[in-house]
Amino acid sequence: MLVLDQEKDILKKIKNGDKEAFGELYDVYAPKIYRFVRLKVDSQETAQDLTSEAFLRIWQHIQRQRKIRERFQALLYKITRNLIIDFYRNKSVREILIEDNLEEFSKIEDNNTSDELIIRQEEMKEVRRAIAQIHPSYQDVIVWHFIDELSISEIAEIVEKNEGTVRVLIHRAVKALKSVILV
């Protein structure tokens, strides 16, 4: 993860049109953004398209703004979240499809035995099914906090709420997830 000062320096370079600097941020954040989008949409192709669109929009946003007031990551997640909302608004059907292709979601280590790998994949499948059954705002905070390991303050910046509200949202999301898993 980039330190805030490094990020500010890179953003200044991007503001001046440095595509290599943008590539650095892309390399850091693209896997997380793709995973976030993929948990929300029904196909890899759609997830790839929305991820690409998110990075295009953030590039355009940086070029238009005099000064970036938010952390890059928070801004990127906001843009991505809005793209997903727009996608479903245009599609008019809200569903998350659970596929058997779980390798793109889990960080599976190569040293696992085949039995461990199968168990891990089954656990991931159950978690994904449970996440798909809770409210979309709960899905977001679960992914951001527990999978992408964002801090409370980073999530607060994304959803534009105070940290106390985010803590409550995470607590409720975990409670909702537990109720789905324990059924």
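The secondary structure of the protein, taken from a predicted model, comprises 8 helices and 0 strands. Helices (H or I, at least four residues) and strands (E, at least two) are DSSP runs numbered from the N terminus. Read from that terminus, the order of elements is α-α-α-α-α-α-α-α. Residues are numbered from 1 along each chain as its sequence is written, and side-chain values use heavy atoms, with hydrogens and water left out. Because the model is predicted, local features need pLDDT of at least 70 and side-chain atom pairs count only at pLDDT 80 or more, whereas totals for chains, interfaces and linings use all residues.

Of the 183 residues in the protein, 41% are buried. Here buried means under 20% relative accessible area, exposed means over 50%, and partly exposed lies in between (1.4 Å probe, protein chains only). Among the contacts with a separation of 6 or more, 65% join residues 24 or more positions apart; a contact requires heavy atoms within 4.5 Å.

Helix α8 covers residues 163–181. At 1.5 Å a residue, its 19 residues should span 27 Å, and the end C-alpha atoms are 27 Å apart, which agrees; the expected span is 1.5 Å times one less than the number of residues. The buried residues of α8 are Val166, Leu169, Ile170, Ala173, Ala176 and Leu177. Seen down the helix axis, these buried residues fall within an arc of 130 degrees, so they line one face of α8. The arc is that of the directions from the helix axis to the C-beta atoms. On the other side of α8, His171, Lys175 and Lys178 are exposed. The cover over the buried residues of α8 includes α5 (114–132), α6 (136–147) and α7 (152–159).

Alanine 130 lies in helix α5 and counts as buried at 4% relative accessibility. Leaving aside neighbours within four places in sequence, alanine 130 is in contact with Leu177, Val180 and Ile181. The C-alpha atoms of alanine 130 and lysine 178 are separated by 8.4 Å, although the two residues are 48 residues apart along the chain.

Helix α7 is largely enclosed by the rest of the structure, because 7 of its 8 residues are buried. The buried residues of α7 are Ile152, Glu154, Ile155, Ala156, Glu157, Ile158 and Val159. Two of these, Glu157 and Ile158, are touched by lysine 78, as are Glu70 and Glu160, not counting residues up to four places away in sequence. Lysine 78 lies in helix α4 (residues 72–91) and counts as buried at 13% relative accessibility.

The loops on either side of α7 each contain a residue of note in its backbone. Most residues other than glycine have a negative phi. Glutamate 149, however, has a positive phi of about 60 degrees; this residue is placed in the loop between α6 and α7 and, at 62% relative accessibility, counts as exposed. Glutamate 160, which follows α7, is found in the loop between α7 and α8. Its phi is also positive, near 55 degrees, and glutamate 160 is exposed, with a relative accessible area of 61%.

Threonine 46 lies in helix α3 (residues 44–64). This residue is buried, with a relative accessible area of 17%. Apart from residues up to four places away in sequence, threonine 46 touches Val41 and Phe87. Threonine 46 and phenylalanine 87 are 41 residues apart along the chain, and their C-alpha atoms are separated by 9.5 Å.

The largest pocket has a volume of about 320 Å³. A pocket is an open set of points on a 1 Å grid over the protein atoms alone, where a 1.4 Å probe fits, with protein on both sides within 12 Å along at least five of seven lines; lining residues have an atom within 4 Å of a point. Of the 14 residues that line the largest pocket, Lys8, Leu11, Lys67, Ile68 and Arg69 are the closest to its centre. Helix α1 (residues 4–15) gives the most to this lining, with 6 residues. By class, the lining has 4 nonpolar, 1 polar and 9 charged residues. Asp, Glu, Lys and Arg count as charged, Ala, Val, Leu, Ile, Met, Phe, Trp, Tyr, Cys and Pro as nonpolar, and the others, Gly among them, as polar.

Conventions
Points joined across faces, edges and corners; volume = space filled by probe spheres on them.
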